[in-house]
Amino acid sequence: MEYSYTSPSEVRALIRDQKITGPTAGMSLGYTQANLVILKKEYAFDFLLFCQRNPKPCPLIDVSDVGSFSPSKIAESADIRKDIPKYRIYRDGVFTEEVDDVTEYWEDDMVCFLLGCSFTFETPLLASGIPVRHIEEGCNVPMYKTNIPCDKAGKFEGPMVVSMRPMSSADAIRAVQITSRFPGVHGAPIQIGNPEEIGITDIHNPDFGDPVTIKEGEVPVFWACGVTPQAVAMESKPSIMITHAPGCMFISDLKDTELSVL
């Protein structure tokens with residue numbers, strides 16, 4: 001729980017100085033974390049439409065002007081090229097490298113998309129006494145590709161990715177109630193207790209992130225996940241897509257409560 005009560009601007013400064021280089025779950029509790037997608041202008045409209053058609057995995061929080069790397073609407077003085085612990089570079093659908101600064105990859109015709117992240121609703125889960133296993137175990141949340149196809153938009157198509165948190169049946173019911181209040185960060189779960197139904201054959205071998213302990217009597221609870229664009233990049237093959245590394249999010253100045261519908 002290190003940095004749980006550190007302000008977003010302080011955490012971003014530590015990230016920019018490369019003093020924080022890993023997953024951001026549990027940091028700056030009460031503030032919205034965001035997934036990142038950076039694309040060239042030629043793909044921006046198609047991806048904007050893709051997000052509109054797939055709001056569950058890709059809930060838009062902010063979109064930059066062409067060429068702007070400052071998400072000033074949600075984080076004053078931030079630099080999206082430097083303020084995320086790790087980034088991934090996809091070229092023609094192939095994951096080619098993971099870096100801690102994308103300044104050298106930036107082009108003047110790029111557009112940034114910031115998407116809601118399920119780390120945001122973990123604060124109210126914890127406040128309600130619902131344990132969040134990957135925070136307890138100090139690792140990344142497990143994420144899986146599913147057999148659920150996203151609605152195609154222009155160039156972009158591919159499978160939905162989900163994140164998983166194990167919990168008791170009673171906690172799962174309460175988690176549905178809590179996360180339903182946050183449609184801007186994926187909202188309620190899409191599946192509870194039956195991973196095979198959504199194409200997950202090995203719950204202990206996630207496609208992204210780390211495996212976590214599932215205790216006796218617990219069920220896996222799955223939420224739509226903002227890593228979906230990375231699976232989509234592999235299928236759609238834009239010439240370049242820059243994303244956050246799974247679990248390494250952008251921490252904004254936006255309060256979680258601003259995204260709550262109740």
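**Strand S9 and its sheet**

Q: Why is strand S9 (residues 218-224) largely enclosed by the rest of the structure?
A: Seven of the seven residues of S9 are buried, so the strand is largely enclosed. Buried means under 20% relative accessible area (1.4 Å probe, protein chains only), and strands are DSSP E runs of at least two residues, numbered from the N terminus.

Q: What kind of model is this?
A: This is a predicted model, where local features need pLDDT of at least 70, side-chain atom pairs count only at pLDDT 80 or more, and totals for chains, interfaces and linings use all residues. Residues are numbered from 1 along each chain as its sequence is written, and side-chain values use heavy atoms, with hydrogens and water left out.

Q: OK, which way do the S9 residues point?
A: Glu218, Pro220, Phe222 and Ala224 point one way, Val219, Val221 and Trp223 the other, and all are buried.

Q: Which strands sit in the sheet, and in what order?
A: The order is S6-S7-S9-S8, an open sheet with antiparallel pairing. Two strands pair if DSSP finds at least two bridges between them. S6 (143-149) and S8 are at the edges with a single partner strand each, so one side of each has no neighbour in the sheet.

Q: How many bridges link S7 and S9?
A: Seven, between S9 and S7 (residues 159-168). Ser168 has Glu218 as its bridge partner, and Ser163 has Trp223.

Q: And S8 with S9, how many there?
A: Two bridges, also antiparallel, with S8 being residues 191-192. Gln191 stands opposite Phe222.

How values were computed: Buried means under 20% relative accessible area, exposed over 50%, partly exposed in between (1.4 Å probe, protein chains only). Helices (H or I, at least four residues) and strands (E, at least two) are DSSP runs, numbered from the N terminus.
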